[in-house]
Amino acid sequence: RIRRYKWEAKYEYKSPDCYKKLVITINGRSPGPTIRATQGDTVIVELKNNLLTENLAIHWHRIRQIGTPWFDGSEGVTQCPILPGDTFTYEFVVDRAGTYLYHAHYGMQRDAGLYGSIRVALPDGKSEPFSYDYDRSIILTDWYHKSSYEQATGLSSIPFVWVGEPQSLLIQGKGRFNCSLPSVGAGLCNATSPECSPYVLTVVSGKTYRLRIGSLTSLSALSFEIEGHNMTVVEADGHFVEPFVVTRLFIYSGETYSVLVTANQDPSRNYWSTSKVVSRNSTTPNGLAIFNYYPNHPKKLPPTIPPRGPIWNDVGPRLNQSLALKSHRNFIQPPPKTSNRVIVLLNTQNRVNGNVRWSVNNVSYNHPHTPYLISLKENLQNSFDQTPPPEGYDDSNYDIYSVAPNVNGTTSNSIYRLQFNSTVDIILQNANSMNNNTSETHPWHLHGHDFWVLGHGKGKFNRSTDPKNYDLISPIMKNTVPVHPYGWTALRFRADNPGAWAFHCHIESHFFMGMGVVFEQGIDRVGKLPSSIYGCGDTKGLLRP
Ligand SMILES: O=C1O[C@H]([C@@H](O)CO)C(O)=C1O
């Protein structure tokens, strides 16, 4: 079946946390409309860019785009940006059931509110390995009052202007900023605006809810909880999980989970549901929503103080959740036992030509002006740096617990070229940032593939001993995975999807500051590129007869 959507993206004044700001909406909404489809359907989105003076591109997060790598929506990698006034049609097959997201993938536009969910149902006659009465989706985000344009300009300025901690946390697009703070200008904040009344999730006592939770934060790692209720984790990034119970779910930008929650508490009252920043010593107030037991009034505030959440710098429980995630025993897709290539990616923060940047093996990523997919297919060799990026770093000499010694890294737009159908291991190695005694959490997201998560560890990855402890039996498959502070994460994937694919930190500012790489594979197998993705850089003129 074909699911056809007609979308218009534009800027509008909105007050998602009571504070008035220009927000990018789709058909008037942020979060945008939910795409609902069944496995095997074709989704067609006719997207009109009505942003007046800004380009646009939308990424379909976790959709592999098999056979349609040009519709991945990564500006600079798979397509030219969509110009103001233009309409661009995305068309792709949703080949697997599960929970997906979509969001802007141009500059730092995701921060402006362009995001939403995609829910793909199993075909008739098939069911999940768990049961529930109702199915709900929520997206967690953090929210800045500065425009994404102002943020991006600060990050690329000398002196560097950091975006800072977000002003609020939103749950399904709703948050609450304290309008009575003296710093708030007159007329900018309206505490009684219905736009910022808390999100309400209404439940019926005794029923079980599948809650699909996605995070599209700009910066924050989150802990999510529902006061007094356990959550059973059953799905992660679209894959069934061997179930485990949590009271707090840690979730990083770009991840999705399904949890089962049974409304089994005192039904005469409502409960708080909260999100809290972890991994950064943040000043951002917790996000609040109401878990409403029908027939209590949905706006009746719970009689309790909202849960404060965990302390921000306790890595242990977060690492434990990462280690607890295993494939559901009846849905194991075993990984290849060996790999053809191991690429170690050291994550550091450096100064490059006076700018503060993030680097991978001392190389900080910049988008080329011509999208790789077109350069590769059209053989435009001058459109990006052809020198292969480093396969690793000198780990015998590198102290991951200290500030990076190389104050002068380099920028590049070179890419990793993978042999088609080969098996590739990626070791993400975390390190100290430019601040003493600081190592951040980075959620890395791979386009076009899922990967097996073979292991997480503390300290420096040891090439001879750590692979012996890889889980090759029932690893979870994901497309976004955290590398914890001062830790490492090992992934394996098959380079079986012809195209050019971004792999990057899903923190909006970090990718903007260079924390990413690009993988090419099987470019000769990519079909004829649609003319709609051309029009920028060296692609100009290529379409003339
Ligand atoms: O990229 C970042 O920059 C700041 C800080 O390291 C520089 O002031 C920070 O906290 C980041 O995550």
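Asn437 counts as exposed because it has 10 C-beta neighbours inside 10 Å (a residue is buried if 20 or more other C-beta atoms lie within 10 Å of its own, exposed if 12 or fewer, and partly exposed in between, with C-beta atoms placed from the backbone). The model is predicted: local features need pLDDT of at least 70 and side-chain atom pairs count only at pLDDT 80 or more, while totals for chains, interfaces and linings use all residues. Residues are numbered from 1 along each chain as its sequence is written. The chain is divided into domain 1 (2-324) and domain 2 (332-539), with bounds that come from an automatic or database domain assignment.

**Backbone features**

- Asn437 has phi near 55°, a positive value in a residue other than glycine, and lies in the loop between strand S25 (423-429) and strand S26 (442-446). Helices (H or I, at least four residues) and strands (E, at least two) are DSSP runs, numbered from the N terminus.
- Arg62 also has a positive phi, near 85°, and is not a glycine.
- The loop between strand S5 (58-61) and strand S6 holds Arg62, which counts as buried with 28 C-beta neighbours inside 10 Å.
- A cis peptide bond runs from Ser30 to Pro31, with omega near -5°; Pro31 is in the loop between strand S2 (21-26) and strand S3 (35-38).
- The peptide bond from Tyr294 to Pro295 is cis as well, with omega near 5°, and Pro295 sits in the loop between S19 and H2.

**Overall fold**

- The chain contains four helices and 32 strands. Its radius of gyration is 22 Å, close to the 24 Å that the globule rule gives for 545 residues, so the chain is as compact as a globular protein of that length. The radius is taken over C-alpha atoms, and the globule rule is 2.2 Å times the number of residues to the power 0.38.
- Along its principal axes, the C-alpha trace spans about 65 × 55 × 55 Å.
- Of the 545 residues in the chain, 52% are buried.
- Among contacts with a separation of 6 or more, 79% join residues 24 or more positions apart. Two residues are in contact if their C-beta atoms, placed from the backbone, lie within 7 Å.

**Domain interface**

- The centres of domain 1 and domain 2, taken over C-alpha atoms, are separated by 25 Å.
- In the interface, 44 residues of domain 1 are in contact with 48 residues of domain 2.
- On the domain 1 side, the elements that give two or more residues are strand S6 (87-93), helix H1 (148-155), strand S15 (239-246) and helix H2 (315-324). H2 gives the most, with five residues.
- The residues on this side of domain 1 divide into 21 nonpolar, 15 polar and eight charged. Ala, Val, Leu, Ile, Met, Phe, Trp, Tyr, Cys and Pro count as nonpolar, Asp, Glu, Lys and Arg as charged, and the others, Gly among them, as polar.

- Ser148, Gln151, Ala152 and Leu155 are buried in H1. Seen down the axis of H1, these residues fall within an arc of 95°, so they line one face of the helix. The arc is that of the directions from the helix axis to the C-beta atoms.
- The cover over the buried residues of H1 includes helix H4 (508-512).
- The buried residues of H2 are Arg318, Gln321 and Ser322. They cover an arc of only 100° around the axis, which puts them on the same side of H2.
- Gly316 and Asn320 are exposed on the other side of H2.
- Elements covering the buried residues of H2 include S15, strand S18 (271-278) and strand S27 (451-458).

**Trp312**

- Trp312 lies in the loop between strand S19 (287-293) and H2, and is partly exposed, with 14 other C-beta atoms within 10 Å.
- The C-alpha atoms of Trp312 and Val278 are separated by 4.2 Å, although the two are 34 residues apart along the chain.
- Leaving aside neighbours within four places in sequence, the contacts of Trp312 are Val277, Val278, Ser279, Arg280, Asn281 and Ser282.

**Ligand shell**

- The residues around the ligand are Trp162, Gln349, Val356, Ser433, Met434, Asn435, Glu440, Ser509, His510 and Met513. A residue is near a molecule if its C-beta atom, placed from the backbone, lies within 6 Å of it.
- This shell divides into four nonpolar, five polar and one charged residue.
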